[in-house]
Amino acid sequence: MRSKVFFIAALMAGVAAQPLSAKEGMFTPDQLPEIAKDLKATGLEIDPETLADLTGFPMGAVVSLGGCSASFVSPQGLVVTNHHCARGSVQYNSTAENNYLENGFLAKTMGEELPAAPGSRIYVTTELTDVTDRMRAGLDAMDPNARYDAIEQRMKDIVAECEQDEGYRCRVSSFYGGDQYKLVKQLEIRDVRLAYAPADSVGKYGGDVDNWMWPRHTGDFSFYRAYVAPDGSPADYSEENVPYQPEHVLKVSAGGLKEGDFVMAAGYPGSTQRYARLAEVENTFDWNYPTYVTLLNEWIDTIEETAPDGSDARVKYEATLAGLNNYEKNLRGQIEGARRVGLVDRRREREEALDAWIAADPARANYGKAIAQLDALTEEKAAAARSSFWYGFATRSALLGVAERLYRLSIERQKPDAERKPGYQERDMGFFKQGMQALDRRFDPSVDKAVWMLFLNKYLDQPKDERVAVLDDAMGLTSGIDMDAVSSKLAGYYDATSLDEAATRMALMDASPADFRASKDPFVKLAVALYDYNDQLETEAEARAGRELVLRPAYMDAIVDWQRSQGKVTYPDANSTLRVTYGTVMGGSPQDGLIYTPFTTLEGITAKDTGIAPFNAPEKELQEISDKDYGRYELDSIGSVPVNFLSDLDSTGGNSGSATLNSRAELVGLLFDGTFESVNSDWDFDPRTTRTIHVDTRYMLWVMDKVDGADNLIAEMDIVD
């Protein structure tokens with residue numbers, strides 16, 4: 001008994017002590033030499049300077065999928081990412097009769113690999129150039145709309161120059177609220193194929209029940225392969241294409257990690273709001289997020305009721321449902337997290353401390369003036385967002401969205417290419433076409449109509465002064481109209497349209513504005529009717545953004561100077577550029593009486609399994625677990641194969657699929673989630689509760705070896721102990 005008490009006391013003491021070492025920060029690679037001392041102290045064995053080289057090892061092996069992260073793990077272009085990142089491609093290739101979501105997919109030869117979903121890309125970053133001076137020259141003297149237009153035009157000009165090198169995709173990314181701009185140049189691999197994805201019963205084990213939760217037992221991994229033309233240049237899908245040969249490849253660890261080991265993740269996190277002002281925080285958590293949570297639950301229910309399990313419609317909307325469920329749970333976690341850590345009070349305290357620092361030196365007075373104006377602008381933006389919220393959803397039918405994009409394209413094409421809005425230039429037409437083609441596999445008229453009905457019902461419940469006359473007039477939404485009448489109107493839209501046919505959508509890409517204005521298609525007519533009002537909203541939003549282009553950089557200058565005075569390195573908010581976050585394998589105690597151990601095991605899968613989705617592991621896997629056939633993948637300290645593990649790494653959306661590396665930069669896992677207590681880290685890093693969840697490479701290899709027989713893929717990777 002004494003030994004048991006001692007063990008529990010030691011565990012509690014360790015859990016209590018661990019969070020003190022948690023490392024905040026999603027650092028740009030060029031910042032890592034500035035924190036080299038701490039990286040080495042935390043356990044990094046390689047030279048921190050090497051991490052700053054985007055084209056060297058290991059950063060050169062880390063790639064973006066345009067929303068998720070991934071990495072090369074073989075010289076034959078094999079790319080590993082999360083299952084949920086590749087799941088859209090699995091869904092795209094599935095039907096009710098041939099459901100790869102349910103059965104999994106494995107190509108035993110390269111010839112059996114399937115094209116990924118249209119628009120799938122692998123982006124290999126090759127160059128990063130500071131273009132701040134060119135982007136910001138003369139902005140302060142311009143009026144807000146001219147300032148916004150200047151920034152947009154300069155971005156397009158710089159990108160056009162960069163993309164003269166064929167096969168590359170370029171973008172100008174803003175850092176520190178527009179205080180800094182960098183040109184990101186990436187090789188754009190367009191022929192992406194699905195090589196292997198375990199069944200949902202592995203790759204999505206626990207489903208939405210376990211999403212954002214710990215303990216977790218999810219095999220969230222899949223493999224793509226990158227293909228290029230025989231001469232090595234990026235090319236569209238062709239049977240003549242060959243596997244891309246990356247310059248750098250990660251070794252995959254079968255030896256893995258133990259508690260307390262150093263880990264770092266390299267990937268492309270989407271966005272954070274760590275430096276948002278108090279007014280932004282209050283509007284988000286008092287109104288925006290709670291409103292969204294209610295709507296998302298009704299949205300999910302509507303799809304599930306209209307597209308029953310097993311139907312072709314459900315297969316088409318599986319990816320949508322997964323995204324909505326994920327977002328809904330994320331927002332609930334954000335709301336709860338903000339309450340738990342006292343986010344509003346913490347932000348108020350930070351602003352008071354910053355104000356005191358500014359007031360301490362008259363030379364900092366301009367910071368104070370800019371921040372006061374930024375706060376007023378923030379309130380204005382919040383009011384505008386609230387007033388247009390329900391209108392935005394009332395016009396959110398998939399086919400209306402198609403009509404609006406096509407009509408906008410016809411108008412933009414009247415301008416020289418360099419003057420068109422982003423998204424409508426010739427460089428965007430490949431994605432545009434693929435989006436129009438892909439709709440067929442992700443659209444069902446009965447589901448779309450039901451969802452549109454839901455949104456219109458919400459819109460019609462708003463006070464009359466918050467309604468939009470042009471929408472009401474165009475759709476005949478008269479005062480007191482009942483939902484049966486609305487349903488009849490919508491039925492007429494779907495019955496009379498041909499936008500649900502790919503041939504029609506593709507043909508309209510070449511139509512003129514006059515063609516659209518003469519159209520009898522109800523969705524096109526509605527898009528034409530709403531165009532001027534939407535254009536007005538866009539112009540007003542651009543004016544606010546133009547004002548912010550001066551005020552936000554001044555605020556961030558103040559933050560950087562203030563933190564520098566405290567000896568801190570200020571990392572920029574995430575913006576889908578390559579970032580590195582580091583720390584250790586670590587459990588935690590997010591609340592009184594609740595202890596998170598750092599690893600889960602195979603046996604945890606069996607304990608959860610009910611045979612009913614989402615806890616329905618494959619029979620082959622359950623048998624292997626029962627036989628304790630661990631192979632070389634066992635972690636002695638837990639007496640099993642580790643499935644998932646926790647770390648104190650700082651992460652957010654877009655980090656999904658990020659390479660989790662050990663102290664020698666070997667792949668030891670894939671980052672795929674955070675705990676429910678951690679999701680508020682988009683806004684605020686709390687070292688006690690922020691924990692990131694990774695799938696362990698030992699479990700990945702064990703499933704490939706023992707369950708799915710993916711020995712062909714194991715053979716082409718460099719597996720190390």
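Q: Where do Glu624 and Lys620 lie?
A: Both lie in helix α22 (residues 619-626), four residues apart, about one turn of the helix. Helices (H or I, at least four residues) and strands (E, at least two) are DSSP runs, numbered from the N terminus. The model is predicted, so local features need pLDDT of at least 70 and side-chain atom pairs pLDDT 80 or more, whereas totals for chains, interfaces and linings use all residues. Residues are numbered from 1 along each chain as its sequence is written, and side-chain values use heavy atoms, with hydrogens and water left out.

Q: How do the side chains of Glu624 and Lys620 meet?
A: Side chains of opposite charge can pair when their charged atoms come close. Here Glu624 and Lys620 form a salt bridge at 2.8 Å, N to O; the term requires a side-chain nitrogen of Lys or Arg within 4 Å of a carboxyl oxygen of Asp or Glu.

Q: Is Glu624 buried or exposed?
A: Buried means under 20% relative accessible area, exposed over 50%, and partly exposed in between (1.4 Å probe, protein chains only). Glu624 has 9% relative accessibility and therefore counts as buried, while Lys620, at 45%, is partly exposed.

Q: Which residue forms a salt bridge with Glu548?
A: The partner is Arg552, with the closest N and O atoms 2.6 Å apart. Glu548 and Arg552 are four residues apart in helix α20 (residues 522-564). Glu548 is buried at 15%, and Arg552 is buried at 11%.

Q: Which residues are linked in a network of salt bridges?
A: Such a network links Arg413, Asp417, Arg420, Glu426 and Asp510. The count comes to 54 salt bridges.
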